[in-house]
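Subject: Structure handover

Dear colleague,

I am passing a structure on to you, followed by some notes on what was found in it. Please keep it open while you read.

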Amino acid sequence: MIKTEFLKSLQNYSSDSEQCLAMWERVEKEYTSSDRHYHTLNHLDNLLTELADNKEEFASWDVIVFAIAYHDVVYNTLKNNNEEKSAEFARKELTKISVPENLIARCEQLILATKKHTDADFETNLFTDADLSILGASPEAYKIYSNQIRKEFSIYPDLVYNPGRRKVLKHFLYMEKIFKTNEFAIAHESKARINLQTELNSFT
């Protein structure tokens with residue numbers, strides 16, 4: 001699904017189908033790496049699905065598609081600059097075709113916003129809310145997600161991972177609002193808080 005949308009968006013700025021396909025293949029290579037369990041192409045498809053109903057509310061749907069495709073393209077659990085590196089990756093790729101500078105810059109902004117998920121403009125809030133929608137999934141789906149995240153950080157022993165994960169969970173629980181838009185807040189806020197608290201309790 002993301003592949004189809006991504007190629008469609010690229011073709012608005014390049015008539016070179018082989019170049020567009022090569023750009024997709026670079027994205028696909030990263031998200032299908034063997035050390036990925038949650039941050040995969042499935043995550044991109046889910047994000048696209050979450051945002052598709054709001055397609056007409058975005059100034060540029062192409063920018064949203066690019067941001068979806070590139071927002072986790074660099075994912076190294078040993079580093080804390082993945083969002084910055086993903087934004088750089090996106091810029092490097094999109095400048096290969098005739099995507100206007102303002103659209104590339106906007107794509108970068110959206111990617112960087114997924115680092116802290118703080119309140120921003122409406123479009124950015126929709127994007128980051130969709131990125132966090134898994135937090136408000138069913139308890140069963142959330143459990144699968146949390147297990148997948150643990151696998152991605154398997155290099156770390158529990159002694160290191162557990163305190164770090166607890167910190168992340170508390171970060172979200174201490175937020176006044178996890179979801180910034182009414183649409184996502186109504187659908188996910190209460191369920192997300194239950195899921196996060198349940199996982200936090202599992203460490204005690």
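Tyr13 is buried, because its relative accessible area is 16% (buried means under 20% relative accessible area, exposed over 50% and partly exposed in between, with a 1.4 Å probe and protein chains only). Before going further, please note that this is a predicted model, in which local features need pLDDT of at least 70 and side-chain atom pairs count only at pLDDT 80 or more, while totals for chains, interfaces and linings use all residues. Residues are numbered from 1 along each chain as its sequence is written, and side-chain values use heavy atoms, with hydrogens and water left out.

A search of the whole structure finds ten aromatic pairs (rings of Phe, Tyr and Trp, the last by its six-membered ring, pair if their centres lie within 6.5 Å; planes under 30 degrees apart count as stacked, over 60 as edge-to-face and the rest as tilted). One of them is the tilted pair of Tyr13 and Phe66, at 6.1 Å centre to centre and with 55 degrees between the planes. Tyr13 lies in the loop between α1 (2-10) and α2 (17-31) and Phe66 in helix α4, so the pair ties together parts that are 53 residues apart in sequence (helices, H or I, of at least four residues and strands, E, of at least two are DSSP runs, numbered from the N terminus). Phe66 is buried as well, with a relative accessible area of 1%, and ring pairs link Phe6, Tyr13, Trp24, Phe66, Tyr70 and Phe89 into a cluster.

Turning to charges, the structure holds 13 salt bridges (a side-chain nitrogen of Lys or Arg within 4 Å of a carboxyl oxygen of Asp or Glu). In one of these, Glu84 pairs with Lys115, the closest N and O atoms being 3.5 Å apart; Glu84 lies in helix α5 (residues 82-94) and Lys115 in the loop between α6 and α7, so parts that are 31 residues apart in sequence are tied together. Another salt bridge joins Glu108 and Arg91 at 2.9 Å, N to O, and this pair links helix α6, which holds Glu108, with helix α5, which holds Arg91, 17 residues apart. Glu108 is buried at a relative accessible area of 18%, whereas Arg91 counts as partly exposed at 24%.

Finally, His117, in the loop between α6 (101-113) and α7 (122-131), has a positive phi of about 55 degrees although it is not a glycine, and His117 is buried, with a relative accessible area of 8%.
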